[in-house]
Amino acid sequence: MIPLNTAREFHGHLGPWLVLGLLMGEYGVKKIGAKKYFGLNVEVNGLNSKPRTCLIDGLQLSTGCTLGKGNIKILKSKGIFVNFINNKTNKKISISLNNEMFKKIESTEDHSACEILAKKLYRQKPQRLFVTSST
């Protein structure tokens, strides 16, 4: 797991969307059995404004997929979800944030409360945060 200090240093601050990206990326890589960096592609859907776009930095850190390598893409969509594709097997899954967590994050307003929530999320099991479906 990527340490929170590493994520904070890369991103510039600690927030829930960054942490969700870290956790979602690690969970997605594991679920599809892909190798990080070059063994998968990631498609991020529906993130078009801050702070939600911070999820992308967490995904880059945890999957090794980067905008520079072109194996992470940002796509327009009405819903927020991330597709993980194993390049070797073509296995694909979609992961989204469960509604309860989404509402909790969206209702957190100040930076201090966001950092506290981020630290709590970091200790959660992915199954409590995300909804996964095969596509």
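Colleague: Which residue has its backbone oxygen reached by the side chain of Asn-71?
Modeller: This is a predicted model, in which local features need pLDDT of at least 70 and side-chain atom pairs count only at pLDDT 80 or more, while totals for chains, interfaces and linings use all residues. Residues are numbered from 1 along each chain as its sequence is written, and side-chain values use heavy atoms, leaving out hydrogens and water. A polar contact is a pair of N or O atoms within 3.5 Å, where within protein one must be able to donate a hydrogen and the other to accept it, and residues adjacent in sequence count only if both atoms are side-chain atoms. At 2.6 Å, the side chain of Asn-71 reaches the backbone oxygen of Tyr-37.

Colleague: Is Asn-71 buried or exposed?
Modeller: Asn-71 lies in the loop between α3 (54–63) and β2 (72–75), where helices (H or I, at least four residues) and strands (E, at least two) are DSSP runs numbered from the N terminus. Buried means under 20% relative accessible area, exposed over 50% and partly exposed in between, with a 1.4 Å probe and protein chains only. The relative accessible area of Asn-71 is 7%, so this residue is buried.

Colleague: How are the rings of Trp-17 and Phe-102 arranged as a pair?
Modeller: Rings of Phe, Tyr and Trp (its six-membered ring) pair if their centres lie within 6.5 Å, and planes under 30 degrees apart count as stacked, over 60 as edge-to-face and the rest as tilted. By this rule there are 2 aromatic pairs. The rings of Trp-17 and Phe-102 have centres 6.1 Å apart and planes at 75 degrees, so this pair is edge-to-face.

Colleague: How many residues apart are Tyr-27 and Phe-130?
Modeller: Tyr-27 and Phe-130 form a stacked aromatic pair, 6.2 Å centre to centre with 25 degrees between the planes. The pair links distant parts of the chain, since Tyr-27 is in helix α2 and Phe-130 is in strand β5 (residues 130–134), and the separation is 103 residues.
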